[in-house]
Amino acid sequence: MRAVIATRAGGPEVLRVTDVPDPVPAPDEVLVRVAAAGVNFIDTYRRGGVYRMPFPHVVGSEGAGEVVAVGDDVTLVAPGDRVAWASAAGSYAELVAVPGSAVLPVPSGVEDGTAAALPLQGLTAHYLVASTFPLAAGHDVLLHAGAGGVGLLLTQLAVSRGARVIATVGSPAKERLARAAGASDVVRYRELGDLTSELPALVRDLTDGRGVDVVYDGVGKDTFDASLASLARRGTLVLFGGSSGQVPPVDLQRLNAAGSLYVTRPTLADHVATRDELTWRAGELFGAVTAGTLDVHVGATFPLADAADAHRALEGRTTTGKVLLLP
């Protein structure tokens, strides 16, 4: 089969499409023919060496497709079933072995592209608004990268809970997407001279001087200081990614001085640690899609052979919504 290999730690240029042996499912695994694979920042962190990985390795962890074989211990699905997954190493490939405990049955009527686009970013958006900082009516939210994959989903989930979303984006086109998803206010950060001082001032103007209850920040290094300064007293900064780079060590006394603030750095694995929790979150997401209350925006698709270009587009912040690879 064809697969995308990261030959060493580095930039997108280290990605190579090559022929590798077909995976053989273990007793607790499912072999799936990949219809679409999700492209995520975590793939770039692993490729770049931010997260320790063996090299070479087949890149990717998310996708959707059709089951072609199951291990002896698997009873949840059968050959011919359509499934999606958020965590299966080696998903940038024509075939992937997915842990049986990680497969998500795809409801009829949900297209392969939507099914591949939803798991990782959808589950992330779900745990952020339902568990890390449970949103409710009356909460004010600042969300960075509001037109990104997580951003568009999180905005819709937040608004459905009665929260108000202030989103940051990089262009007028992205502003339109963020507003269509339900953002009440949108800030085009590239038009600010000093993000660290000007964004908090704008946020406080929009919140009668109070600041927001929570900031969801997947950008990291470039936005962290502005995020912290935008919080209300006893507000929470949820740092869930670092698309601009990792945040340097922080003096915790800053939290005291800024109003007894909270900072957390959650990860998806700890919020789908059991099968029950995984299926609860996925069930709510797929249920919202089939009900027509959650729109999954696929902003770009690339052939498997152009995985490096997909990474360049994602890291260059030129994409909106979800980026997919099509084997």
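**A friendly look at a predicted chain**

Biologist: At 9% relative accessibility, does Tyr45 count as buried or exposed?

Modeller: Keep in mind that this is a predicted model. The cut-off for buried is under 20% relative accessible area. Tyr45 has 9% relative accessibility, so Tyr45 counts as buried.

Biologist: And how does Tyr51 count at 29% relative accessibility?

Modeller: Buried would need a value under 20%, and exposed one over 50%. With its 29%, Tyr51 therefore counts as partly exposed.

Biologist: What kind of aromatic pair do Tyr45 and Tyr51 form?

Modeller: A search of the whole structure turns up 2 aromatic pairs. In the one formed by Tyr45 and Tyr51, the centres are 5.4 Å apart and the planes make an angle of 65°. Planes over 60 degrees apart count as edge-to-face, so the pair of Tyr45 and Tyr51 is edge-to-face.

Biologist: What share of the contacts with a separation of 6 or more comes from residues 24 or more positions apart?

Modeller: For background, the protein chain has 10 helices and 16 strands, and 52% of its residues count as buried. Among its contacts with a separation of 6 or more, the share from residues 24 or more positions apart is 67%.

Conventions: Residues are numbered from 1 along each chain as its sequence is written. This is a predicted model: local features need pLDDT of at least 70, side-chain atom pairs count only at pLDDT 80 or more; totals for chains, interfaces and linings use all residues. Side-chain values use heavy atoms; hydrogens and water are left out. Helices (H or I, at least four residues) and strands (E, at least two) are DSSP runs, numbered from the N terminus. Buried means under 20% relative accessible area, exposed over 50%, partly exposed in between (1.4 Å probe, protein chains only). Contact means heavy atoms within 4.5 Å. Rings of Phe, Tyr and Trp (its six-membered ring) pair if their centres lie within 6.5 Å; planes under 30 degrees apart count as stacked, over 60 as edge-to-face and the rest as tilted.
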